[in-house]
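Colleague: I would like to learn how to read a protein structure feature by feature. Could you take me through one slowly?

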Amino acid sequence: MENRKNFFHLHLISDSTGETLISAGRAAAAQFRGSNAIEHVYPLIRSKKQIKALIEAIDREPGIVLYTIVDHDLAALIETGCHELGLPCVNVLAPIIEKFQAYLGAPSRGRMGAQHVLNAEYFARIEALNFTMDHDDGQATENYDEADVVIIGISRTSKTPTSIYLANRGIKTANLPIVPGVPLPDSLLAAERPLIVGLIATSDRISQVRENRILGATPGYDRSEYVDRASITEELKYARSLCARNNWPVIDVTRRSIEETAAAIVALRPKPR
């Protein structure tokens, strides 16, 4: 049967940085022409409270769930939650570890993030990930001057996955949605340290992605306006004007992968002297 879904949600849950999952998820998704994954990355998942929150997030935007969680109790919670939602859920490392155990005749250590060397670079990446998760989607706007990069853009311009990708490389990244009529926080306008970048895309591209976003239960949500190309064009015009007014660079992500967008942002950052 032909897959008619142009876009689908791909939830990647890790007790470490999530790099293993991101690579595996993208490698699998690339095998399906015409289907594009909207990535939701959940790194450093190590508590039942975090599991509860992410299951709620998955319920809002159902899709395929991949995870690498070595704690059996936490893994079981993910499996149970996905089963109750009727969603496919795969422990990516489980079959590989089982083969290793069978061949080596010894159990695995079950240590989180064991593939990472605990050096200064590693801890910088963890710090960047924590910062980025705390500053996702307009959270904690009061300390933007602590960021390396702040990404702004209207809804569905890949702000969060780009932020996570940069954080995985040790770049503390915040992101903020642009909403017409809602002023930007003073802390952003006053920030001197971070590179502030606007992300845009064509109205057709954004409308397609928004069509696949399930928000029917959101109070005051008007689906027709949310996916209307004329309304999106006005949102983009407003975003462009904000960036032009403040001399912030703009990147069109319409035909860019997350990696390409991140590379373009890195290229804009001042070179260390």
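This is a predicted model: local features need pLDDT of at least 70, side-chain atom pairs count only at pLDDT 80 or more; totals for chains, interfaces and linings use all residues.

Colleague: Let us begin with the cysteines, then; how many disulfides does the structure hold?

Modeller: A disulfide is a pair of cysteine sulfur atoms within 2.5 Å, and by that cut-off the structure holds zero disulfides. Cys-89 shows how the cut-off is applied, as the nearest cysteine sulfur, that of Cys-82, lies 3.8 Å away and Cys-89 is in no disulfide.

Colleague: Is Cys-89 buried or exposed?

Modeller: Buried means under 20% relative accessible area, and Cys-89 counts as buried because its relative accessibility is 19%. Cys-243 is buried too, with a relative accessible area of 2%.

Colleague: Now to the charged side chains; how many salt bridges are counted here?

Modeller: The idea is to look for a side-chain nitrogen of Lys or Arg within 4 Å of a carboxyl oxygen of Asp or Glu, and the count by this rule comes to nine salt bridges. One of them joins Arg-156 to Glu-61, with 3.5 Å from N to O. Arg-156 sits in the loop between strand E5 and helix H6, while Glu-61 sits in the loop between helix H2 and strand E3, so this pair ties together parts that are 95 residues apart in sequence. With a relative accessible area of 23%, Arg-156 is partly exposed, whereas Glu-61, at 11%, is buried.

Colleague: Which parts of the chain does the pair of Arg-210 and Glu-235 link?

Modeller: In that salt bridge the closest N and O atoms are 3.1 Å apart. The pair links distant parts of the chain, with Arg-210 in helix H8 and Glu-235 in helix H10, 25 residues apart. Arg-210 and Glu-235 are both buried.

Colleague: And how should I read a salt bridge whose two partners belong to one helix?

Modeller: The general idea is that an α-helix has 3.6 residues a turn, so residues three or four places apart point the same way. In this structure, the side chains of Lys-237 and Glu-234 meet in a salt bridge of 3.4 Å from N to O. Lys-237 and Glu-234 are separated by about one helical turn because they are three residues apart in helix H10. Lys-237 counts as exposed at 52% relative accessibility, and Glu-234 is partly exposed with a relative accessible area of 44%.

Colleague: Which residues are linked in a network of salt bridges?

Modeller: Such a network is formed by Arg-26, Glu-39 and Glu-259.

Colleague: Which residues make the nonpolar surface patch?

Modeller: Ile-96, Phe-100, Tyr-103 and Leu-104 make a nonpolar patch of about 520 Å². Phe-100 belongs to helix H4 and, with 53% relative accessibility, counts as exposed. Helix H4 covers residues 94-104, and because the number buried among its 11 residues is zero, this helix lies largely in the open.

Colleague: Where does Asn-247 lie?

Modeller: Asn-247 is in the loop between H10 and strand E8, and its phi, near 60°, is likewise positive in a residue other than glycine. Having a relative accessible area of 70%, Asn-247 is exposed.

Notes:
Residues are numbered from 1 along each chain as its sequence is written. Side-chain values use heavy atoms; hydrogens and water are left out. Buried means under 20% relative accessible area, exposed over 50%, partly exposed in between (1.4 Å probe, protein chains only). Helices (H or I, at least four residues) and strands (E, at least two) are DSSP runs, numbered from the N terminus. Patches are made of residues with over 30% relative accessible area and no salt bridge: like charges are joined within 9 Å, nonpolar side chains (Val, Leu, Ile, Met, Phe, Trp, Tyr) within 5 Å. Accessible areas come from the Shrake-Rupley method with a 1.4 Å probe; for residues, only the protein chains shown count as cover.
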